[in-house]
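Here is a quick tour of one protein model, written for someone who likes to check coordinates. Have the structure open while you read.

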Amino acid sequence: MNISSLLCCVPNKKTRSTQESASPSTDVTSKIIPLSSPQYYTVASAGALFRTYADPDDPSVVGPEGFTRLCSDTGISLDGALPLVLAWQMGAAEMAKINLSEWEKGTAELRISDLKVLSIALHDLEDLLLLGKPPMKPSLATQNRKKATSSSLEPYNRARYYRYAEDPQKAFNELYSFCFALAKPPQARNIDMETASAFWSVLIVPRYPLMSELLQFINDKGTYRGVNKDLWNMALEFVRTIDPNLSNYDADGAWPTMLDDFVAWKTGKSAGEASARATVDTTD
């Protein structure tokens with residue numbers, strides 16, 4: 001299951017007509033404006049943008065259908081991690097929903113009331129936290145607060161971005177913890193394995209290939225149903241610290257049982273592949 005499938009599964013209050021909901025995706029490059037001509041933030045324009053995507057039955061919330069259209073119109077893929085990054089930056093409490101107070105607070109802090117600028121901000125965080133690209137540095141003029149503010153020199157207020165850039169791993173941990181809370185049903189302690197796997201595939205796989213094998217193992221076994229907070233956190237620690245060939249894996253490391261089982265599966269799989277290669281070489 002991917003992220004777009006999860007969004008489709010979130011219940012909405014009302015289904016719009018095909019004509020209204022068939023808003024085409026827009027290429028990311030067409031959504032990014034030159035930094036020399038930013039669309040500056042205003043409270044009024046932020047409110048108008050919210051109303052464009054608000055649920056017709058409840059104008060105080062952008063529901064799943066509106067959230068999907070918002071992502072599409074911003075030029076971000078529903079199959080990637082950016083819808084989660086958007087929810088994180090808005091401080092959303094529910095999957096694929098943003099209420100008015102969350103939107104007002106998030107857009108005010110970021111100084112964003114334009115889709116093109118929102119696209120810039122989300123892709124900035126994708127580069128920094130998901131793709132591991134070197135952080136941008138604030139200009140000298142931006143650093144000199146007596147002469148200008150960050151929002152007057154840049155397309156949006158990058159104060160958060162520069163805070164994240166000081167410690168990208170800590171910032172990613174914030175995003176990662178947020179995603180668990182976002183996916184967890186109220187009063188529950190676990191998230192279901194399908195949701196966890198979908199989140200892992202977009203949040204972790206791009207940086208840590210070992211997670212791809214772990215997801216293959218989970219899919220092959222088909223017996224794991226839920227993920228608690230401890231397993232969620234330890235899975236990230238595992239792929240961050242354990243070499244892809246498992247050379248530094250310690251069986252006494254107190255890893256969750258699922259991760260120990262994965263190591264046994266991968267070790268046996270590697271041994272079987274080595275044996276098959278040896279048989280072929282002998283035959284040749």
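## Overall picture

What percentage of the residues of the protein count as buried? Of the 284 residues, 45% do. Keep in mind that this is a predicted model, so treat every value here as computed from it.

The secondary structure comes to 16 helices and four strands. As for how the chain meets itself, take the contacts with a separation of 6 or more: 74% of them are between residues 24 or more positions apart.

## H4 against H7

Two packed helices are described by the angle between their axes and the distance between the axes. For helix H4 (residues 43-53) and helix H7 (residues 100-110), those values are about 140° and 10 Å. Roughly antiparallel would need an angle over 145 degrees, so H4 and H7 are oblique to each other. Their crossing is right-handed.

On the H4 side, the contact is made by Ala46, Leu49 and Phe50, while H7 brings Leu100, Trp103 and Thr107. Sorted by class, the residues of this H4 and H7 contact are five nonpolar, one polar and no charged.

## H5 against H8

How are helix H5 and helix H8 oriented to each other? The axes of H5 (residues 64-74) and H8 (residues 115-130) cross at roughly 85° and come within 9 Å. The range for roughly perpendicular is 65 to 115 degrees, and H5 and H8 therefore count as roughly perpendicular.

Leu70, Asp73 and Thr74 make the contact from H5, with Leu115, Leu118, Ser119 and Leu122 from H8. This time the classes of the H5 and H8 contact are four nonpolar, two polar and one charged.

Are they buried or exposed? The cut-off for buried is under 20% relative accessible area; Ala171 is buried because its value is 2%, and Tyr176 is buried because its value is 1%.

Now for what they touch, leaving aside neighbours within four places in sequence. Ala171 is in contact with Trp88, Leu129 and Tyr164. Tyr176 has its own set of contacts: Trp200, Leu203, Ile204, Trp232, Asn233, Ala235 and Leu236. One of these, Asn233, is 57 residues apart from Tyr176 along the chain, and their C-alpha atoms are separated by 8.5 Å.

## Positive phi in two loops

Ala96 has a phi near 60°, a positive value in a residue other than glycine. Ala96 is found in the loop between helix H6 (82-90) and strand E2 (98-99). With 3% relative accessibility, Ala96 counts as buried.

Gln187 is not a glycine either, and its phi is positive at about 70°. Gln187 lies in the loop between H12 and strand E3 (190-192). At 78% relative accessibility, Gln187 counts as exposed, because exposed means over 50%.

## Cysteines

How many disulfides are there? The count comes to zero, where a disulfide would need a pair of cysteine sulfur atoms within 2.5 Å. Cys71 is buried at 0% relative accessibility, and Cys179 is buried with a relative accessible area of 0%.

Terms used. Residues are numbered from 1 along each chain as its sequence is written. This is a predicted model: local features need pLDDT of at least 70, side-chain atom pairs count only at pLDDT 80 or more; totals for chains, interfaces and linings use all residues. Side-chain values use heavy atoms; hydrogens and water are left out. Buried means under 20% relative accessible area, exposed over 50%, partly exposed in between (1.4 Å probe, protein chains only). Axes are lines fitted to C-alpha atoms, for helices over the stretch in contact, and angles run from 0 to 180 degrees between N-to-C directions. Angles under 35 degrees count as roughly parallel, over 145 as roughly antiparallel, 65 to 115 as roughly perpendicular and the rest as oblique. A crossing is left-handed if the near helix is turned anticlockwise from the far one by less than a right angle, and right-handed if clockwise. Contact means heavy atoms within 4.5 Å. Ala, Val, Leu, Ile, Met, Phe, Trp, Tyr, Cys and Pro count as nonpolar, Asp, Glu, Lys and Arg as charged, and the others, Gly among them, as polar.
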